[in-house]
Amino acid sequence: QVQLVESGGGLVQAGGSLRLSCAASGLTFSSYIMGWFRQTPGKEREFVAAITWSGSYANYVDRFTISRDNAKNTVYLQMNNLKPEDTAVYYCAADRSSVPTIVKDLYDYWGQGTQVTVSS
């Protein structure tokens, strides 16, 4: 059974930082591109970043950095200089294709999400 478990969300003031983690189990981590998406109420889930096994990445938000520790089956999202508009539920996702994609429907597995709230 594949599980993606996010952690690290919370409440932070504008200008602050958070690091999200996503621990994966039940899959061959090296076979998957890992991504982060976010969603606010009433809006579509939007792409944030994705990273391949080798560390190649695609990043939608310049203030954020995605990374992965393949030995720990974990992917991270370092978020700096957070803004109120970054407030959302952040989701980790796994995609078995070989090229990072921003298309959420192409991801095979999803975590339950972690709330990030940025106060002004």
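View 1. Read from the N terminus, the elements go β-β-β-β-β-β-β-β-β-β-β. Strands (E, at least two residues) and helices (H or I, at least four) are DSSP runs, numbered from the N terminus. Keep in mind that this is a predicted model: local features need pLDDT of at least 70, side-chain atom pairs count only at pLDDT 80 or more, and totals for chains, interfaces and linings use all residues. Residue numbers start from 1 along each chain as its sequence is written, and side-chain values use heavy atoms, with hydrogens and water left out.

**View 2. Strand E3 with its partners E1 and E8.** E1 (residues 3-7) runs antiparallel to E3 (residues 18-25), and five bridges join them. E3 also pairs with E8 (residues 74-79), again antiparallel, over six bridges. Two strands count as paired if DSSP finds at least two bridges between them.

**View 3. A closer look at Ser21.** Which residue in E3 is the bridge partner of Ser7? That's Ser21. Ser21 in turn has Tyr76 as its bridge partner in E8.

**View 4. The whole C-alpha trace, spanning about 40 × 30 × 25 Å along its principal axes.** Why does the radius of gyration agree with a compact globule? For 120 residues such a globule would come out near 14 Å, and the protein has 13 Å, so the two agree. That radius is taken over C-alpha atoms, and the globule rule is 2.2 Å times the number of residues to the power 0.38.
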